[in-house]
Amino acid sequence: MSADTHDGPRYRPQDVEPKWQRYWEEHRTFRATRHPGRSKMYVLDMFPYPSGDGLHVGHPEGYTATDIVCRYQRMKGVDVLHPMGWDAFGLPAEQHAIKTGTHPRQKTLDNIANFRRQLKMLGFSYDWDREIDTTDPGYVRWTQWIFLRLFERGLAFQQSDMPVNWCPGLGTVLANDEVKADGTSEVGGFPVEKLAIRQWSLRITRYADRLLEGLDTVDWPDTKAKQRNWIGRSEGAEVDFAVRGHDATIRVFTTRVDTLPGATYVVLAPEHPLVLSLATPDRRPAVESYVAAAAKKTDIDRSDIGREKTGESLGAFAVNPVNGEEIPIWVGDYVIGGYGSGAVMAVPAHDERDHAFAVKYGLPIVEVVEISGADVEKRATTDDGVANDAAVSRSRAPIARAMPSAEVRRVIATWLADQGRGGPKVTYKLRDWVFSRQRYWGEPIPIYFPVTCDGDPRRPGANPTIHYETPIAVDDAELPLRLPDLVEFKSTGDPAGPLGRATDWRYFQKDGKWFARETNTMPQWAGSCWYYLRFLDPRNADAAWSREAYAAWMPVDLYVGGSEHAVLHLLYARFWHQVFFDMGLVEHPEPFQKLVHQGIILGEDGQKMSKARGNVINPDDIVRRFGADALRLFEMFMGPLEQMKPWQTSGIEGIRRFLERVWVACAEGVTDDPAAYDVETRKLVHRTIKKVGEDIDSLRFNTAISAMMILVKHIGQRPVPREVARTFALLVSPFAPHLGEELWHRNGGADTLAYEPWPTYDAALTRDDTVEIGVQVNGKVRGAVRLALDADEAVAREQALLDPKVREHVDGRTVKKVVYVKGRIVNFIVG
């Protein structure tokens, strides 16, 4: 039966769903409250950025999963905190403002209103009293307060002339993850280049080891591996190369110091401070041109392992400390200045990138690690092996022929330390977090600087000197530092950003002296780093959160969101939380105990939904046609939560027909005749209660729905006992809450079922007392029979021979033997 026909369906979600949504809102049904003696569950969705397009049908998947868990836990007597808010700063709203002249704040509020409407339309049981918006001045105040605590602890600092991803089209710095592989910005598709400007950064590197160690204490999926890789802890050695004819030393880090005897050249990143000073006069023009070209490429592009390696010789030579050999120094953009020391010792026999570079430029390839069958002239060998004769002859360190690579590493690292030319070292890929953005729509950084100027620095033609070397914190009492109102939001390319034009806001006097506010704003990550804590106490005007609220609800028990946030958001939030732990503001070193990433719902064409592909499906349209409960059930029935799956409208039509059958059975086909509750039905009901509860606990929502479908098919063939209808209303309510409430109400329930006890089951009734086993004749399956679990061989033989297909292969033949294994098989051996 199609959901949008007008002569058939008796269940009308367009009437039922708004009714219960009004009830929940008017009665504040899902307001989170702690009760003495009860357990708690803090269930958190990764809060959305409220885009102008609203939700598409992929967004509700994770929200539906958490809502099912929350509704179930409330019925289990657990105090549940389930909040929602908006990660509302960001480039899209600013870009819209640039195009239309509409202030980003207005666009943001309009978008939030639309998102809120859609989420309420879908029946999610959020505590809307705790709603937050990261752009709200009351929230910005505490984000700025946190920044000042980081500043006080030396964790927020300025870096001058820092190489960053600069996007002229957006007029701002971008993080690596905001730059696409083709070197353009994720927002707008503008070209991105390297530029050195003054930036604020946060010392996340101080917490590298603790961020690694903390991963062992949480229940997360493969996200842990991604974070470990991003942090990139490496045990290796530092090696100092002297430069012939210069006082300079080139320091490199390597995890394969055992290959140092085979180093035949050194490569510096284009950003390395020694590049231009070491270039000989005849090589300098080519080197300068190469460095300029490299500045226009992104780190992502330069790091691509499949990309052709390029470089220029500096004409200078380094001295290999382990053997005194002079080797050439090159500049190559496959070495990244922000990683390690920005220099590598090149061992082409044992590194693929170095090998490709050496082959291209005719540089020596010297094998120092012996691996059976290897031919380093054709391909680098990167595995461990043993030291060969060349390694021994080219090393002053006391290594021996056939010494394993691990031992060679230990010997050479120790020798370098003894010689004062390096030694063992632990390093990380993790870099300090570039925290400032040259754009308008973000939290102002609450810092100002002294100004030297003849007269008023705001006057036209004034040329004030801003003393960035002397940052001053805004007093806590003056927070929040609000954004000025601007008419023009587009950056002119000035590193001061759009706020640089707000001269009346930027410059101010204090005690007769002029000062200048910081014109950089915070990245969008800032507000999302601590929002889970503000949800605890969102109306607190005296603190970001109270100790009492923290003790009541933290840590987050279940966190659900997209895997695209597996690294940066989660890493940054954990970093801030560990700082809060050191400050005594929180009681747990880790904020999120269990993490789940929902899979992507693709368009019907099997592609990721996007406006450009034209395959976006709006939930408003689906709800209008099928109802919110149908959408919720369908998204949970499509497959395992973590799995990627394509949308299929034909599938939701089937779900809508299922809801119709539920309505007919449990709203219209109910009887008060106790005789209708037969033993078979009672057993199936109790098995379903057990199955649905266990599946919700394990987030196996699709199989829970399957179990309910089996029960409905059974009870739909006869009058439904009212007790069964009431039980089913409770079981289905986490998945289809509007239908559940209406069924409960129609079967004598008072008010809402949101806090009704979850049904219990009798374990004895969930156990099968019969079993279906296969029947074989001469080892081939010929039929099946259902037997009591304790049936003996005589009964098994008798019942098996009642099957006509079995008799067909036995009649007229001699039964030589019967093999009977209880609960598994009956096998007739005939001749």
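In this predicted model, helix 20 (residues 628-637) and helix 25 (residues 737-746) approach each other, their axes coming within 7 Å and crossing at roughly 120 degrees. Helix 20 is therefore oblique to helix 25, because an angle counts as roughly perpendicular from 65 to 115 degrees and as roughly antiparallel over 145. On the side of helix 20, the contact is made by Ala628, Asp629 and Arg632. Helix 25 contributes Pro737, His738 and Leu739. Sorted by class, the residues of this contact are three nonpolar, one polar and two charged.

Arg632 also takes part in a salt bridge, with Asp67 as its partner. The closest N and O atoms of this pair are 2.8 Å apart. Are the two partners buried or exposed? Asp67 is buried, with a relative accessible area of 0%. Arg632 has a relative accessible area of 1% and is buried as well; the cut-off for buried is under 20%.

Helix 23 (residues 701-715) packs against helix 24 (residues 722-732) at an angle of about 160 degrees. The axes of helix 23 and helix 24 are 12 Å apart. The angle makes helix 23 roughly antiparallel to helix 24, because angles over 145 degrees are placed in that group. The crossing of helix 23 and helix 24 is left-handed. Met708, Leu711, Val712 and Ile715 make the contact from helix 23, and Val724, Phe728, Leu731 and Val732 make it from helix 24. By class, this contact has eight nonpolar residues, with no polar and no charged ones. The contact of helix 20 with helix 25, by comparison, includes one polar and two charged residues.

The next topic is charge pairing. Side chains of opposite charge can pair when their charged atoms come close. How many salt bridges does the structure hold? The count is 51, and the bridge between Asp67 and Arg632 is one of them. Another joins Lys690 and Glu694, with 2.9 Å from N to O. Lys690 and Glu694 are four residues apart in helix 22 (residues 679-697), so about one helical turn separates them. Lys690 is partly exposed, with a relative accessible area of 27%. Glu694 counts as partly exposed too, at 34% relative accessibility.

Asp456 and Arg458 also meet through their side chains in a salt bridge, at 2.9 Å from N to O. At 26% relative accessibility, Asp456 counts as partly exposed, and so does Arg458, whose relative accessible area is 34%. Salt bridges also link residues into a network, made up of Arg256, Asp258, Asp384 and Arg409.

The remaining features concern the backbone in loops. Where are the cis peptide bonds described here? One runs from Leu479 to Pro480, with omega near 5 degrees. Pro480 is placed in the loop between strand 20 (472-473) and helix 14 (503-506). Another cis peptide bond runs from Met554 to Pro555, with omega near 0 degrees. Pro555 lies in the loop between helix 17 (547-553) and strand 23 (558-561).

With 76% relative accessibility, Asp511 counts as exposed, because the cut-off for exposed is over 50%. Asp751 is exposed, with a relative accessible area of 52%.

Note on methods
Residues are numbered from 1 along each chain as its sequence is written. This is a predicted model: local features need pLDDT of at least 70, side-chain atom pairs count only at pLDDT 80 or more; totals for chains, interfaces and linings use all residues. Side-chain values use heavy atoms; hydrogens and water are left out. Axes are lines fitted to C-alpha atoms, for helices over the stretch in contact, and angles run from 0 to 180 degrees between N-to-C directions. Helices (H or I, at least four residues) and strands (E, at least two) are DSSP runs, numbered from the N terminus. Angles under 35 degrees count as roughly parallel, over 145 as roughly antiparallel, 65 to 115 as roughly perpendicular and the rest as oblique. Contact means heavy atoms within 4.5 Å. Ala, Val, Leu, Ile, Met, Phe, Trp, Tyr, Cys and Pro count as nonpolar, Asp, Glu, Lys and Arg as charged, and the others, Gly among them, as polar. A salt bridge is a side-chain nitrogen of Lys or Arg within 4 Å of a carboxyl oxygen of Asp or Glu. Buried means under 20% relative accessible area, exposed over 50%, partly exposed in between (1.4 Å probe, protein chains only). A crossing is left-handed if the near helix is turned anticlockwise from the far one by less than a right angle, and right-handed if clockwise.
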